Amino acid sequence: MPAHSPKARSRERESKGGGGRLEFLVLSRPPAVLQRAGSEPPSPRHRAAQLEGHGSRRDSGSSASSSTTGGGCPLPEEDCMKLNPSLLGIALRSLLAIDLWLSKRLGVCAAEHSSWGSARPIMKLIEVSGHGIPWIGGTVYCLCKSDSTAGQEVLLNLLLALILDLVLVGIVKSLVRRRRPTHNKMDMFATFSVDRYSFPSGHATRAAMGGRFFLNHLVLAVPLRILVVLWVCIVGLSRVMLGRHNVTDVVCGFIMGYLQYSLVEYMWLSSSNLEIFLRLWELK
């Protein structure tokens, strides 16, 4: 065949990258294999060597990554999935789920259309009986009207215990910031800024501390002592039935109120300290 035949000339134009030929870049190839427009294509032997080298590098990279994930260095913390949560975390989540479910089931007086909605006024009356304002107001009134030193001593320590309860409950609520149950109706009596939080129940702490205070410092007959214990339990139960608190809020409130009374007993003001306090009050 002649050297300058049409087929030979067309092959030469194609090998030199003529103007009418369209070139396509294959994205699956490595950047080293991609060629610029107008440059001479690599020979088949050179292209095979490049592809073989890229394959060996890819195999070595995959083997290195597999060794890193398998038996080598651990992956970064953000790439790892925590497939084995701690037993404590599972227990806390389960307890929270049971608490929310039980609190919603017991909130039978949360609204007028609830199953026990007709008993809602009675529950709100019990709510007022455990509120801090009637307790503090009644204690101050009895302290002003009392004539005996022993009675004034008990009432003054009860007043200090109620103030301590308000302070501690307010601090814990502002730190924990647990919201009230979703089925709660915000129509509570004389609420303050921290009352939008749920943990712990201030009514429960006050009832537990006041009940223990009455049982230890008042001479009561057996029926009255039983009534005091029943009142403490009913106050705590009414908080859940009205939808004001969860069950754990009331339980922890009872524990906190019980411990608060122990603190009050440790800081008890005697009659001698009371006389000094009254003298300072008269000087003012």
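1. Arg239 is buried, with a relative accessibility of 1%. In this predicted model, Arg239 sits in helix α8, which spans residues 222-241. Leaving aside neighbours within four places in sequence, Arg239 is in contact with Glu127, Met188, Ser201, His203, Arg244, His245 and Val250.

2. Which residues does the salt-bridge network that includes Arg239 join? Through shared partners, salt bridges link Glu112, Arg120, Lys124, Glu127, Lys185, Asp187, Arg239 and Arg244 into one network. A search of the whole structure gives 11 salt bridges. As background, side chains of opposite charge can pair when their charged atoms come close.

3. Arg244 and Asp187, two members of that network, form a salt bridge with an N to O distance of 2.9 Å. Arg244 is in the loop between α8 and α9, and Asp187 is in the loop between α6 and α7, so this pair ties together parts that are 57 residues apart in sequence. Asp187, at 22%, counts as partly exposed, because the cut-off for buried is under 20% relative accessible area.

4. Arg120 also belongs to the network. Its salt bridge is with Glu112, and the closest N and O atoms are 3.9 Å apart. The cut-off for a salt bridge is within 4 Å, so a distance of 3.9 Å counts. Arg120 is buried, at a relative accessible area of 3%.

5. Arg178 and Asp249 form another salt bridge, at 3.0 Å from N to O. Where do the two residues lie? Arg178 is in the loop between α6 (149-176) and α7 (202-217), whereas Asp249 is in helix α9 (residues 247-266), so the pair ties together parts that are 71 residues apart in sequence. Both Arg178 and Asp249 are buried.

6. On confidence, the protein chain has an average pLDDT of 77, and 68% of the residues score at least 70. Residues 33-38 have pLDDT below 50, and this stretch has 12 contacts in the model beyond near neighbours in sequence. Residues 62-71 are also below 50, with three contacts in the model beyond near neighbours in sequence. Where pLDDT is low, the predicted coordinates should not be read in detail.

Methods: Residues are numbered from 1 along each chain as its sequence is written. This is a predicted model: local features need pLDDT of at least 70, side-chain atom pairs count only at pLDDT 80 or more; totals for chains, interfaces and linings use all residues. Side-chain values use heavy atoms; hydrogens and water are left out. A salt bridge is a side-chain nitrogen of Lys or Arg within 4 Å of a carboxyl oxygen of Asp or Glu. Buried means under 20% relative accessible area, exposed over 50%, partly exposed in between (1.4 Å probe, protein chains only). Helices (H or I, at least four residues) and strands (E, at least two) are DSSP runs, numbered from the N terminus. pLDDT is the predictor's confidence in each residue, from 0 to 100. Contact means heavy atoms within 4.5 Å.
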